[in-house]
Amino acid sequence: MMPNYSLDDLRYFCTIVKLGSFKKASESLNLSLSTLSRRIRLLEQTLQLTLLNRDAHRVTLTHTGELYYARYCKLFEEVDAIEQALSDEKQQPKGKIRISAPIYMGKHFLSAIFCDFLLLYPEIQLDLRFSNDLIDIEKKGIDIAFRVRNPAIDNWVIRELKLTHNIICGRPNQTTHLITHPEQLEEQPKVICFGLAPWQLKNKLTNEVYNVEPKKHIRLEVDEIQMMKHAVESGVGISYIPDYIALPLIESGTLERILPDWQSAGQPFSMLYRDRKQIPHRVRLLIDYTLQHFS
């Protein structure tokens, strides 16, 4: 049989005991004195137990009331602690943020942002997972994910941060100056990175599109961009390199751009987060901080 009282009635009872009077409890609970008295009477009638002794001057516990108070007081203290922790999570810059990002783009674009953010908010912790695998961000409990291109995920907001392009580069030498069209790349020694094939190229002037399938003269296959970059710098072969890596090396003379009028289509680097109004305060702070940096 369903009881005629609720946990609220037991909370009212514990508040009366804790504060020592019905009047103080009614003020604390923002409840009229008559309503509070009625709820306690109903609680005792339903339990068929007397919990409180009342007289003109004070309220005291019966032996049964002591047993109930000892048990339920701990329960409500724990509930209050949980509610306070949840309130702090919404309102205060503290707690953990779980983040997923691709390895090299994450290191290149995000490391400084994250370190500066942690210095600004000393009570926030970042749980940062760099991986090139498309992990299940829902299953892993990720708060913010950074991705290359724009994967559609239900109930997640996608905010584009930056467009990147891939370009053809090699170590400076005389022969690469003779290359005028992507079809001539077939005979060049190559360094390829898994996930970056085929080499999709578009001419910025003519809009001609040409895809290079790197199958011949492959000197090195890697699954990590840093190793690919090092191999190209060493002269092992040419490669299809993200511009944010290649351009500083071209400017310093370490690498040379081949076919400067050709590049890949723009690939968006984006931030994803759950589409919900009640985003924890700490997560909203990092979202805004990141957007401000890229703007």
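The following dialogue examines a predicted model of one protein chain.

Residues are numbered from 1 along each chain as its sequence is written, and side-chain values use heavy atoms, with hydrogens and water left out. In this predicted model, local features need pLDDT of at least 70 and side-chain atom pairs count only at pLDDT 80 or more, whereas totals for chains, interfaces and linings use all residues.

Student: What radius of gyration does the protein chain have?
Tutor: The radius is taken over C-alpha atoms, and the globule rule is 2.2 Å times the number of residues to the power 0.38. For a compact globule of 295 residues, that rule gives a value near 19 Å. The C-alpha atoms fill a box of roughly 105 × 40 × 30 Å along the principal axes. The protein chain itself has a radius of gyration of 32 Å.

Student: Which residues touch the most other members of the largest nonpolar core?
Tutor: A nonpolar core is a set of buried Ala, Val, Leu, Ile, Met, Phe, Trp, Tyr and Cys residues joined through side-chain atoms within 4.5 Å; buried means under 20% relative accessible area, exposed over 50%, and partly exposed in between, with a 1.4 Å probe and protein chains only. The largest core holds 52 residues, and the two that touch the most other members are Phe 146 and Leu 185.

Student: Which helix gives the most residues to this core?
Tutor: Helices are DSSP runs of H or I with at least four residues, and strands are runs of E with at least two, numbered from the N terminus. The contribution is 7 residues, and it comes from helix α5 (residues 103–120).

Student: Within what arc do the buried residues of α3 fall?
Tutor: In α3, Leu 36, Ser 37, Arg 39, Ile 40, Leu 43, Glu 44 and Leu 47 are buried. The arc is that of the directions from the helix axis to the C-beta atoms. Seen down the axis, these buried residues line one face of the helix, because they fall within an arc of 160 degrees.
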